[in-house]
Amino acid sequence: MCESCGCGGPEGGYKIFRPGEKADENEIKAHDHVHGHHRHDHSHGHGHDHSHPYDHAHENHIISIEQDILAANNIMAERNRGYFEAKGIFALNLVSSPGSGKTSLLEITIKEIKSKRTCYVIEGDQQTDNDAKRIAATGADVLQINTGNACHLDSNMIHDALTKLRPKDGSVVFIENVGNLVCPALFDLGEETRMVIFSVTEGEDKPLKYPNMFHSSKVCIISKIDLLPHLDFNIELAKQNVLHIKPDMQIIELSVKTGQGLDNWLEWLKNH
């Protein structure tokens with residue numbers, strides 16, 4: 001189990017495959033935080049008394065394991081970052097709640113820029129390759145990571161995906177993270193930029209409820225603005241809440257369905 005968020009478990013291995021492929025059972029990788037130099041043992045032997053689960057010894061044990069996990073993740077993230085920098089690759093980590101429109105935005109983005117830059121996509125979902133199939137239809141090379149019980153991608157998963165994907169120099173790698181605004185905020189993947197997306201159907205207080213994710217992102221997309229006439233959503237208040245969490249956040253409002261604001265997004269992407 002991942003002590004930092006409680007995800008994973010003995011059956012929580014992850015698998016990496018192209019859409020339509022069946023992952024070989026031998027390729028399923030354990031999500032048990034083996035990082036070369038150590039393995040986290042989550043058994044509680046040695047006569048430890050669990051009658052007081054919140055005593056200081058147990059609390060220190062949890063904190064130390066979480067620190068180890070995040071430290072090891074950050075080491076691999078720096079390796080990924082070095083790889084991207086050496087090859088001149090722009091890596092963008094897309095994070096959001098489920099259903100915010102990440103995949104739809106990726107589809108139209110790839111169609112718009114693929115004649116200028118080679119695009120690769122790493123899709124993160126607990127199960128299925130539905131989104132990866134949608135992305136493959138755009139012509140981009142895409143890998144699916146099924147995380148099993150894990151609620152986020154981590155830097156080891158990205159490293160393994162890059163080994164299989166082998167993106168070209170000067171390309172763009174889009175990483176569509178698992179739909180979740182909590183745990184992905186903790187895990188640096190080595191990306192150049194983290195972008196948070198939230199739709200007008202989610203409520204103006206989303207940034208206030210999940211401040212870590214918004215604070216750790218460089219750009220915020222407010223999506224599905226074509227629905228504004230049908231919703232009781234105050235977009236100015238939503239932007240105020242974003243800027244309250246991160247005053248220098250770049251905010252882009254857009255609708256994939258109508259194309260409104262899409263030029264602003266593509267211009268931002270071009271400049272970065």
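These are my notebook entries on a predicted model of one protein chain.

**Entry 1. The chain as a whole**

I began by counting elements. The protein chain holds eight helices and eight strands. I then looked up burial: of its 272 residues, 50% count as buried. Next I took the contacts between residues at least 6 apart in sequence, and found that 73% of them join residues at least 24 apart.

**Entry 2. The sheet**

I asked in what order the strands of the sheet lie. Reading across, I noted E1-E4-E3-E5-E2-E6-E7-E8, an open sheet of eight strands with mixed pairing. The edges are strand E1 (15-17) and strand E8 (250-253), and each of these pairs on one side only. From one strand to the next, the twist averages 20°.

Strand E3 (residues 119-125) and strand E5 (residues 172-176) run parallel and are joined by five bridges. I followed Val 121 across to E5, where its bridge partner is Phe 174.

**Entry 3. Two helices on the sheet**

I looked up which strands helix H2 (residues 102-113) lies across. I listed strand E2 (90-96), E3, E5, strand E6 (193-199) and strand E7 (219-223). The direction of H2 is at about 170° to that of E5.

Helix H7 (residues 235-245) also packs on the sheet, where I found it touching E6, E7 and E8. Its direction makes about 155° with that of E8.

**Entry 4. The largest pocket**

I put the space in the largest pocket at about 390 Å³. It is lined by 29 residues, and the closest to its centre are Gly 99, Ser 100, Gly 101, Lys 102 and Thr 103. Which elements give two or more residues to this lining? I wrote down H2, E3, helix H3 (130-136) and E7. H2 has the largest share, four residues. Sorted by class, the lining has eight nonpolar, 12 polar and nine charged residues.

**Entry 5. The second largest pocket**

Here I found about 310 Å³ of space. The residues I noted along the lining include Phe 90, Glu 112, Ile 113, Lys 116, Arg 117 and Val 172. Leu 266, Glu 267, Leu 269, Lys 270 and His 272 are also among the lining residues. I asked which helix gives the most, and the entry is H8, with four residues. By class I have five nonpolar residues, one polar and five charged.

**Entry 6. Two residues with positive phi**

I checked Arg 166, which is not a glycine, and its phi is positive at about 50°. I placed this residue in the loop between helix H4 (155-165) and E5. Is Arg 166 buried or exposed? Its relative accessibility is 61%, so Arg 166 counts as exposed, the cut-off being over 50%.

I then went to Lys 224, another residue other than glycine with a positive phi, near 60°. Lys 224 sits in the loop between E7 and H7.

Definitions and conventions:
Residues numbered from 1 in each chain as written. Predicted model: local features only at pLDDT ≥ 70, side-chain atom pairs only at ≥ 80, totals over all residues. Heavy atoms only, no water. Pairing = 2+ DSSP bridges. Axes fitted to C-alpha atoms, helices over the stretch in contact; angles between N-to-C directions. Contact = heavy atoms within 4.5 Å. 1 Å grid on protein atoms, 1.4 Å probe; cavity = no way out; pocket = protein on both sides within 12 Å on 5 of 7 lines; lining within 4 Å. Points joined across faces, edges and corners; volume = space filled by probe spheres on them. Nonpolar A, V, L, I, M, F, W, Y, C, P; charged D, E, K, R; others polar. Buried < 20%, exposed > 50% of the residue type's maximum accessible area, 1.4 Å probe, protein only.
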